[in-house]
Amino acid sequence: MEHQTTKFTKWLLFVGLILSLGLSACYKDNEEDLYPDNGESCNTENVSFSQTIEPLVNNNCLSCHSATNTSGGVRLDSHSAIAEAATNGRLLGAIRHEAGFSAMPQGGKLPDCAISQFEAWASQGALNN
Ligand code: HEC
């Protein structure tokens, strides 16, 4: 009898494990969870250069916009260079894929949240913060 109960408990645990794995896999497949870009999870208040903007540029832009590879004459390897591109409108035009600008990053588009963060940072004065 006791042996039976143990087996049943193990079976329950096993089924529970499989179910929760399955459920969490579906949950993770949800696009909004993978690429949060809704108002709730996209923080555009007090966007910091060092915490948000610089990592975005380093990961998405720097390979083509550094001193060694200055595509289109655009360098994005310092705060002052990024701030200039952000405040003269070229950077925002490019990442929003606006007409009249070369769409950036080449061959793709940043998540909406990242674009909003660039816009927020520029409108907050493109600070070196
Ligand atoms: C794979 C290479 C590559 C990547 C990655 C890349 N760029 Fe560019 N970018 C280019 C090239 C090449 C040009 C110039 C030729 C052109 O205009 O298409 C350019 C031009 C630009 C311009 C000038 C656009 C204009 O119309 O005035 C800006 C601003 C710019 N890039 C910003 C960015 C930003 C911001 C990122 C990252 C989000 C980025 N780029 C990522 C290759 C790249």
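Gln117 is located in helix H6; helices (H or I, at least four residues) and strands (E, at least two) are DSSP runs, numbered from the N terminus. The model is predicted: local features need pLDDT of at least 70 and side-chain atom pairs count only at pLDDT 80 or more, whereas totals for chains, interfaces and linings use all residues. Residues are numbered from 1 along each chain as its sequence is written, and side-chain values use heavy atoms, with hydrogens and water left out.

With a relative accessible area of 13%, Gln117 is buried. Here buried means under 20% relative accessible area, exposed means over 50%, and partly exposed lies in between (1.4 Å probe, protein chains only). Leaving aside residues up to four places away in sequence, Gln117 touches Cys42, Asn43, Thr44, Val47, Thr52, Ile53 and Leu56, a contact being heavy atoms within 4.5 Å.

## Overall fold

The protein chain contains six helices and zero strands, and its elements run α-α-α-α-α-α from the N terminus on. Of the 129 residues in the protein chain, 27% are buried. Among contacts in the protein chain with a separation of 6 or more, 50% come from residues 24 or more positions apart.

## The iron site

His65 (NE2) and Met104 (SD) coordinate the iron atom of the ligand at 2.0 to 2.1 Å. His65 lies in the loop between helix H3 (49-60) and helix H4 (79-87), and Met104 in the loop between H5 and H6, so the pair ties together parts that are 39 residues apart in sequence. Donors are N, O and S atoms within 2.8 Å of the metal (3.2 Å for Na, K and Ca); water is not among the atoms, so sites may look incomplete. At 9% relative accessibility, His65 is buried.

The site of the iron atom is octahedral, with angles of 85 to 178 degrees among its six donor atoms. Four donors count as tetrahedral if all angles lie between 85 and 135 degrees; four count as square planar and six as octahedral if opposite donors are over 155 degrees apart and all others between 65 and 115; anything else is irregular. For comparison, ideal angles at a metal are 90 or 180 degrees for six octahedral donors.

## Ligand surroundings

The ligand is surrounded by 17 residues, of which the closest are Cys61, Cys64, His65, Ser102 and Met104; a residue is near a molecule or strand if one of its heavy atoms lies within 4 Å of it. A polar side-chain atom of His65 lies 2.7 Å from a nitrogen atom of the ligand.

## Salt bridges

The structure has three salt bridges, each defined as a side-chain nitrogen of Lys or Arg within 4 Å of a carboxyl oxygen of Asp or Glu. One of them pairs Arg75 with Asp77 (2.9 Å, N to O). Arg75 is partly exposed at 41% relative accessibility, as is Asp77 at 33%.

Arg96 forms a salt bridge with Glu98 (2.9 Å, N to O) and another with Glu119, where the closest N and O atoms are 2.7 Å apart. Arg96 lies in the loop between helix H5 (90-95) and helix H6 (112-123) and Glu119 in helix H6, so this pair ties together parts that are 23 residues apart in sequence. Through shared partners, the salt bridges join Arg96, Glu98 and Glu119 into one network. Its members are partly exposed: Arg96 at 32%, Glu98 at 30% and Glu119 at 27%.

How values were computed:
A polar contact is a pair of N or O atoms within 3.5 Å; within protein, one must be able to donate a hydrogen and the other to accept it, and residues adjacent in sequence count only if both atoms are side-chain atoms.
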